[in-house]
Amino acid sequence: MKDNNITLFDFDRDSDKKTNWRTESIINKDMFLEVLSKIEGLNENNKVKFEIQKIIEVIKNPRKDNLGLLNISSNGDTAKVNKEVILEDLNQIAEAQTIERAKYYITRLKKGLTEIKTNKINDLNLNRWKEYNDILTESLWIFDKRDKSGAHNSGYWGNFIPQIPNQFLRRYTKQGEWVLDAFLGSGTTLIECKRLGRNGIGVELLPEVVEIANKNISSEENKFNVKTEVITADSTELNFKQELEKRNIKSVQFLIMHPPYWDIIKFSNNKKDLSNAKNVEEFLNLFGKVVDNTYDILDKGRYFAVVIGDKYSQGEWIPLAFYTMNEVLKRGYILKSIIIKNFEETKGKMNQKELWRYRALVGGFYIFKHEYIFLFKKVKK
Ligand SMILES: C[S@@+](CC[C@H](N)C(=O)[O-])C[C@H]1O[C@@H](n2cnc3c(N)ncnc32)[C@H](O)[C@@H]1O
């Protein structure tokens, strides 16, 4: 039998990994709930503390399980729990000042093990929210290294780190939903889609880059049997709705865009490439077209992320990211968050670090160490 709780705890890419016995316990859910219910029936707080302490000992020393909490019978319900979190919950019960409080915590723990509280836009079980300690909820994102596992590689100059789509797909989509990336590049978003069980469509202008993307995406295992579609096209001109219809897809549930940061990296000589825009106005105009073209295909109530940085030119900081954000706001989306993400140091930059420091001191400016991720929500049809 597939246990719901197993699915909900296994929210990330480690889902098919073996249990890590140092950090996780597999409990016999029926037994665990039975023991908790018995404790709930006690009428003295000292007795509650005593009994809870016994459970704590079992979690800490699984070999001394005299309560049968970790006895997994073949047809019994099991739940994989994070040791640290369950110990925290149990300690909270043991340390409660009153029996009423202790019982309140016990009820809450039982609820977390039996009921799944989800919402419409993701698969997270909010009754076990403490388990998701790797889901970011603050606006400063500092990653010291890129995720290079699986098909991810840093081969494409100008790609983003996989942690970006990973965070968003887990928070803003459910398994089996559709994600669209209008500037696919080397395919990072669609690789993440495959890993997390989301379907993905990516649009990329340059055929040679599509080739790289296809190679990368196909080398990722498709363990959730999802669909990934790569379209070679100009996103400023593409009829996205028609492309979806051709594939029998009604709409998408998450949009992500990582356009060129105007001409900071020139991706090609192709005139339609946003990195060849003649000036900021043209860049913004082209980007705006992509926002227009994709508006109708995103479901109302769903999210859209834009990853972009600023530019420094002729002694002046150009707030390209904020200009770009405005193009989206003009089109009716509401802003949900501005995230600041650090720039990891590329080898090239590292070699030039001293030189840049000198230039900054002479030129009276600060060196870019961050880029932006704007998160929008579609609130109108
Ligand atoms: C910053 S990169 C995206 C990188 C991607 N996130 C990744 O991880 O590989 C921007 C991409 O947009 C593509 N591009 C530029 N203009 C485009 C257009 N008009 N339509 C579609 N793609 C375009 C470029 O070729 C480039 O691969």
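A residue is buried if 20 or more other C-beta atoms lie within 10 Å of its own, exposed if 12 or fewer, and partly exposed in between, with C-beta atoms placed from the backbone. This is a predicted model: local features need pLDDT of at least 70, side-chain atom pairs count only at pLDDT 80 or more, and totals for chains, interfaces and linings use all residues. Residues are numbered from 1 along each chain as its sequence is written.

**View 1. Helix α8, residues 207-218.** Helices (H or I, at least four residues) and strands (E, at least two) are DSSP runs, numbered from the N terminus. Val-209, Val-210, Ala-213, Asn-216 and Ile-217 are buried in α8. Seen down the helix axis, these buried residues fall within an arc of 125° (taken from the directions from the axis to the C-beta atoms), so they line one face. Pro-207 and Glu-208 are exposed, on the face turned away from the buried side.

**View 2. The largest nonpolar core.** Such a core is a set of buried Ala, Val, Leu, Ile, Met, Phe, Trp, Tyr and Cys residues joined through C-beta atoms within 7 Å.

**View 3. A second, separate core.** It has 17 residues, including Ile-86, Ile-93, Ala-102 and Leu-113.

**View 4. Around the ligand.** The 23 residues here each have a C-beta atom, placed from the backbone, within 6 Å of the ligand. Asn-159, Phe-183, Gly-185, Ser-186 and Thr-188 come nearest.

Technical notes
Expected span 1.5 Å × (residues − 1).
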